[in-house]
Amino acid sequence: MNGGQDLGGTHGHGPVEPEANEPVFHAEWEKRAFALTLAMTAPGGWNIDMGRFARENRPPGEYLSMTYYQIWLAALEHMAKEGGLVSDDEIEAGHSLQPPKPVRRILLPGDVAKVLYRGGPTERDTNTKPIFGVGDRVRAKNINPLTHTRLPRYVRGHVGTIERVIGCHVFPDSNAHGGGENPQWLYTVRFDGPELWGADSDATIKVSVDAWEPYLSPAT
Amino acid sequence: MSGHEHDHHDHDHSELSETQLRVRALESVLTEKGYVDPAALDLLIETYEKKVGPRNGARVVAKAWVDPAYRARLLKDATPAIAEIGYAGRQGEHIVALENTPKLHNMVVCTLCSCYPWPVLGLPPVWYKSAPYRSRAVADPRGVLADFGVTLPKDTEIRIWDSTSEIRYLVLPMRPAGTEGWSEEKLVELVTRDSMIGTGLPKSPKDLAK
Amino acid sequence: MQLRTRALETILIEKGYIEPAAIDELIETYETKIGPRNGAQAVAKAWVDPKFRQWLFEDGTSAIGSLGFGGRSGNHLVALENTSSVHNMVVCTLCSCYPWAVLGLPPLWYKSAPYRSRTVADPRSVLRDFGMELPKDTEIRVWDSTAELRYLVVPMRPTGTEGWSEDKLAELVTRDSMIGTGQPKQPKDLG
Amino acid sequence: MNGAADMGGMHGFGPVVPEPNEPVFHADWEGFSFALNMATGVAKLWNLDAFRFKRESIPPAQYLNLSYYGLWTTTLEQMMLEYGVATPEELAAGHAIPPVKKVPHAVTAAEVANMVRCGSPYDRPAPAPALFKIGTKVRARNMHPKTHTRLPRYARGHTGEVVRIVGCHVFPDSNASNAGEDPHWLYTVRFNGRELWGDDSDPTVRVCIEAWEPYLEAV
């Protein structure tokens, strides 16, 4: 979706302000929101792409004025409610009011290290061959789905060069919306700055994005 | 002013405490229902607050500075090379190392959210997740570098890696001059977090002396 | 915001940049004098007077000027003709450009993010927000008025109004029908 | 600039919610906000393009959370500060702080009536003949100035057709930065919806924008 999250190339947000000796978390609640989000992946049964969509799918003004972990929390609440795991009146009360829904598994303390180390690899076996090879010129398609996509708006319609064939990976555009993993070839595509930002832009810039095959067409 | 608008600054305080209450409520509900184990939550927090952080990445970089064979393995396929030192997992399943050279400077951003190589750098700082960084890094990296007090030669090529998908990037900065014969342990001290994102350079021996 | 606005007014008056009477005059003008009735008169005239209709489409500014409307945000007025195969809609994606001279000040929804973001990409869904459904094959022309032209949609004359006077026809012309987010009223709507 | 004002094609704002019997102003202060902006416009303290640039320069998070006239009032405050019409102390006090130097001539009610009647035309004599004709295929340039422009982001890089030559007009990109009126030819350009939004979009949609000559290149 062309939402508040798709920030590449937008103006007016001001300078970057690094914080000296920044702590990992800025408040106690941030830690809890972070850990809850990670721990709920198992019982919730949702995937990372659903989580990302739940975060970005809100009015841009709201997205841009919430802090990072406020967005995480809002997405977690949304997914937990959608999944029927909690209800508004329970959050209001701060206590469980209805019996829990049976879930497949929950994250146990003894599994934390193992689960984190394993991560969530997205590479999948395939018997297809990639359409593009390193050095091929490709155009990022002009797509504007209302649903989740990982193709930023600022590269759409522009021509770049394949610089890496990464492998066959879960396709977020499907996976975020219950369409299954639908694995697709994933490439790193390099764009010249002036191609993206116009003739007046800094010619020493090159920008690489990772793009799934359905995002690309051969540049003619 | 109509009801739907608000001034952040005035409300920051109450909004935060409201958020605090919401988190607590959610945690209670989820714990009472048995979906989460509070001990697992504590462990998750401890892991990212104390154990996983940019020290990990710094060790990878320092090793690559002293060990040419390791450097070659790292640049060829970073994920297993990093796993050799014991770092792997969540948000680092597919890592690519980017080599800075006198002519080429790499910088990493995620314009769509906050993708970041957790196993080597820990959780990202606030600025990495902020609208100013995410909006400007892809279009005006020199302006962003200026915010960090970094100026690169005019003809240096700047490569931005917008890590919006499965790859997580680790910048391998150039080894500072004047560090010949240094031990890996000592070199680690020079490797800053920002130098592995591309918004900074490693410390110089002079900086360490301070 | 009320206090801040009042502060600005006080300062500007105290420094002599503006006269209080001018402020009152402005508010009154746009609150009570200039509004969609102006546009409705022009549309009704175009429905009954073929010569005026032709003039309106050839040179909207002069034709509208002949009715006594013009000036601010109406210096370059273009009339857009709806037909059975083409429907016109007007938006300003960059701010809130609007033909004040014939429609007055724009409603909130015209200036809102939902309208400004979606009209150029998905006008049919916007029309649905207004309870309006067009035939699938109707061409929709969206006019993003980000510069100097201001657009007035001339809707199709409702059937069953043969022989009606201009004044009576003007009653049928709604503001939204002149922006393209609505249709004119039907004779039965007038009761 | 690619600011929050450039909303065309953005998602997530929700439905359009028309208000039945909407009043012209929703509060007294909205009317004053409106009138103050008109009157300062007549006083020629600054030009309209500079005002628009200031308004869209409000950080997106703030821009998107302000009401319409809230934006106007906020912009007016910033313009008054930038153009030396008031000091921060005066804005805080809500009064002019002596010694007040009165300007010789205030905007009067009569001038207001005249402004409403005549507007403030932006057409200018043409310095050169128009480059494009009706029917010419043109591409909107891929440009991303950090300063004011009236070329929406969604049209950039896309090809359309000139359907009207509007005339020669003050160029906002220049005027907004007080770099002179620099008049240029202005055209209406029509794009197919699918050219702008991709093959999955509604084939019956056409979008017309107005574009100054420097925004366009021949295809």
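In this predicted model, the interface of chain D and chain C brings 89 residues of chain D into contact with 76 residues of chain C. The area buried between chain D and chain C is about 7300 Å², and carbon and sulfur atoms account for 64% of that area. Between these two chains, 4 salt bridges are counted; Asp202(D) forms a salt bridge with Arg124(C), in which the closest N and O atoms are 2.8 Å apart.

The pairing of chain B with chain A can be described in the same terms. Here, 80 residues of chain B are in contact with 89 residues of chain A, and the two chains bury about 7400 Å² between them, with 62% of it on carbon and sulfur atoms. On the side of chain B, the residues that lose the most area to chain A are Lys33(B), Tyr35(B) and Leu112(B), which together make up 10% of what that side buries. Across the interface of chain B and chain A, 7 salt bridges are found. Lys33(B) also takes part in a salt bridge with Glu90(A), where the closest N and O atoms lie 2.9 Å apart.

Within chain D, helix α1, residues 28–42, and helix α4, residues 68–82, have axes that come within 9 Å and cross at roughly 45 degrees, which makes α1(D) oblique to α4(D). The crossing of these two helices is left-handed. Among the residues of α1(D) in the contact are Trp29(D), Phe34(D) and Asn37(D), and among those of α4(D) are Tyr69(D), Trp72(D) and Leu76(D). By class, this contact of α1(D) with α4(D) has 7 nonpolar, 5 polar and 1 charged residues.

A further helix pair is found within chain C, where the axes of helix α3, residues 36–48, and helix α4, residues 50–58, come within 5 Å and cross at roughly 125 degrees. The helices α3(C) and α4(C) are therefore oblique to each other, and α3(C) passes α4(C) in a left-handed crossing. In this contact, Ala42(C), Lys45(C), Ala46(C), Trp47(C) and Val48(C) of α3(C) meet Pro50(C), Phe52(C), Arg53(C) and Leu56(C) of α4(C), and the residues comprise 7 nonpolar, no polar and 2 charged.

Two features of the backbone in loops may also be noted. In chain D, Pro98(D) and Pro99(D) are joined by a cis peptide bond, with omega about 0 degrees, and Pro99(D) is placed in the loop between α5 (88–93) and α6 (109–118) of that chain. In chain B, Gln91(B) has a phi near 60 degrees, a positive value in a residue other than glycine, and Gln91(B) lies in the loop between α5 (78–84) and β1 (95–99) of chain B.

How values were computed: Residues are numbered from 1 along each chain as its sequence is written. Chains are lettered from A and ligands numbered from 1 in the order in which they are written. This is a predicted model: local features need pLDDT of at least 70, side-chain atom pairs count only at pLDDT 80 or more; totals for chains, interfaces and linings use all residues. Side-chain values use heavy atoms; hydrogens and water are left out. Axes are lines fitted to C-alpha atoms, for helices over the stretch in contact, and angles run from 0 to 180 degrees between N-to-C directions. Helices (H or I, at least four residues) and strands (E, at least two) are DSSP runs, numbered from the N terminus. Angles under 35 degrees count as roughly parallel, over 145 as roughly antiparallel, 65 to 115 as roughly perpendicular and the rest as oblique. A crossing is left-handed if the near helix is turned anticlockwise from the far one by less than a right angle, and right-handed if clockwise. Contact means heavy atoms within 4.5 Å. Ala, Val, Leu, Ile, Met, Phe, Trp, Tyr, Cys and Pro count as nonpolar, Asp, Glu, Lys and Arg as charged, and the others, Gly among them, as polar. Buried area is the accessible area (1.4 Å probe) that two parts lose on being put together, summed over both. A salt bridge is a side-chain nitrogen of Lys or Arg within 4 Å of a carboxyl oxygen of Asp or Glu.
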